[in-house]
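Student: I have a model open and want to learn how to read it. Can you take me through some features, one at a time?

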Amino acid sequence: MGTVGRPVDVALTWAQALAWRARRHLLDPVGDDPADRVVARLGAVPAASDDAAELAVRVRQRTSEPGEVGRALAEGRLVRTYAFRGATHLLAPADGGAYLALRRAGRMWERASWRTSYRLEPDDWPDLRAVVREALADGPLTRSELGDAVAAHDRFAHLRPWFGDGTDTLLMPLTWFGDMCFAPAGDGRTAFQRVDTDPPWVEWPDLDAAGRHAVLAYLGTYGPATPDRVHYWLGEGLGAGRARLDRWLAELREDALVEVDVEGDVALVPREHADDLADTRPTDAVRLLPAFDQWVLGPGTADPRVVPAAHRGIVSRGAAVVTVGGVVAGTWRLTGDDVRVTWFDGADGPRGALAAEIERLGTVLGRDVRPVVER
């Protein structure tokens, strides 16, 4: 198809593109993958809320059981850590290290504001990291316990206050380096554990290799995507830097990516998926997705192809969304046994498909629920 590095002879509509993306997201058709493979496909799943994270995974599974995400965390098949935009995410051990490599590429700890606030010079970080790894060698520690262990070293005693609740900034680079991650929730207290002692965890010491991997993974799930969407997720979201991303994109265009015309937009997709994309037909599938689902976060709520511009605000503030054909067409909320759906602009959505999707949601939630369409 086409010549290397040049636009291929494929013209698509965004309806086709979103249908292909929905298949890659395990949303149409819904997949059979276990929780860790769902997360690997999405790249990351927001994990600030355990319930939302589990729902984001389970709506992508034909059959699932409550607690599957927690079991995957306990078994080391998933890792919970700070990743995109400083938020907490679930990552797969095989490629989570690639995203963290991009995250630390910005070297935030070298900024003057960091050096002043924490009284740490860049040369102090290797020793601080070693202290943290040693403290966690015998098992997880709560935030307070880890702070005590670090403060036991005179050189770092002044850091003790930064291990209090709500003071996560200092801890983030320690997770970006892969020295630690969140331990599975136990008694409700935040705890950390070593990540580099878990056999499934893969380090990505070569930043360029990590960057190319991340770009291909993104376009393999969120493509076809314009370069600005790649910059949004991997540049603004991780801090990889515009120049690096442009270089990785240019290198991958040589043999791994192709360009397609999507209603006049030049978009990118991995070459291995180009034929499948070209053969994809639009979908009218209805899906109920939790707040801050990767379907909208991956391309960004500013992408009008996914989130109509007039309704960006409510989606960005955390409304659970209803999609039709991949486009956000309304919101939903659970009130008792009622799934209350509000279609945008007073539209009357597809009733039969909505009823079937709400019945599927009830199966995931393990309860009988009924649709209530609000105006």
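Tutor: Start with burial. Buried means under 20% relative accessible area. Keep in mind that this is a predicted model.

Student: Which residues of α5 are buried?

Tutor: Pro93, Asp95, Gly96, Gly97, Ala98, Tyr99, Leu100, Ala101, Leu102 and Arg103. Helix α5 spans residues 93-103 and is mostly covered, with 10 of its 11 residues buried.

Student: How do I read a pair of aromatic rings?

Tutor: Two values describe such a pair: the distance of the centres and the angle of the planes. In the whole structure, a search finds nine aromatic pairs. One of them joins Phe84 and Tyr99. Their centres are 5.5 Å apart, the planes make 50°, and the pair is tilted.

Student: Where do Phe84 and Tyr99 lie?

Tutor: Phe84 is in the loop between β3 (79-82) and β4 (88-91), while Tyr99 is in helix α5. They are 15 residues apart, and the pair links distant parts of the chain. Phe84 counts as buried because its relative accessibility is 1%. Tyr99 counts as buried too, at 3%.

Student: Why is the pair of Trp109 and Phe177 called tilted?

Tutor: Look at the planes. They stand at 45°, with the ring centres 4.9 Å apart, so the pair is tilted. Trp109 sits in the loop between α5 and α6 (112-118), and Phe177 in the loop between α9 (172-176) and β6 (181-182), so the pair ties together parts 68 residues apart in sequence. Both Trp109 and Phe177 are buried.

Student: Which residues do ring pairs link into a cluster?

Tutor: Tyr82, Phe182 and Phe192.

Student: Which charged residues lie over ring faces, beginning with the face of Phe182?

Tutor: Arg80 lies over the face of Phe182, at 4.7 Å from the ring centre. Phe177 returns here: Arg129 lies over its face, at 4.0 Å from the ring centre.

Student: Next, helix packing. What describes two packed helices?

Tutor: The angle between their axes and the distance between the axes. Take α10 (residues 207-222) and α12 (residues 242-253). Their axes come within 10 Å and cross at roughly 70°. Angles of 65 to 115 degrees count as roughly perpendicular, so α10 is roughly perpendicular to α12.

Student: Which residues make the contact?

Tutor: From α10, Leu207, Asp208, Gly211, Arg212, Val215 and Leu216. From α12, Arg244, Leu245, Arg247, Trp248, Leu249, Glu251 and Leu252. By class, the contact has seven nonpolar, one polar and five charged residues.

Student: Now single residues. Is Thr226 buried or exposed?

Tutor: Thr226 is buried, because its relative accessible area is 6%. Its place is the loop between α10 and α11 (227-236). Setting aside neighbours within four places in sequence, Thr226 contacts Asp265, Val266, Ala267 and Arg305. From Thr226 to Thr323 there are 97 residues in sequence and 21 Å in space, C-alpha to C-alpha.

Student: And where is Gly318?

Tutor: In the loop between α15 (312-316) and β11 (320-324). Gly318 counts as partly exposed because its relative accessibility is 24%. Not counting residues up to four places away in sequence, Gly318 touches Ala291 and Phe292. The C-alpha atoms of Gly318 and Thr331 are separated by 10.0 Å, with the two residues 13 apart along the chain.

Note on methods:
Residues numbered from 1 in each chain as written. Predicted model: local features only at pLDDT ≥ 70, side-chain atom pairs only at ≥ 80, totals over all residues. Heavy atoms only, no water. Axes fitted to C-alpha atoms, helices over the stretch in contact; angles between N-to-C directions. Helix = DSSP H or I, 4+ residues; strand = E, 2+ residues; numbered from the N terminus. Parallel < 35°, antiparallel > 145°, perpendicular 65-115°, else oblique. Contact = heavy atoms within 4.5 Å. Nonpolar A, V, L, I, M, F, W, Y, C, P; charged D, E, K, R; others polar. Buried < 20%, exposed > 50% of the residue type's maximum accessible area, 1.4 Å probe, protein only. Phe/Tyr/Trp six-rings, centres within 6.5 Å; stacked < 30°, edge-to-face > 60°. Lys NZ or Arg CZ within 6 Å of the ring centre and 35° of its normal.
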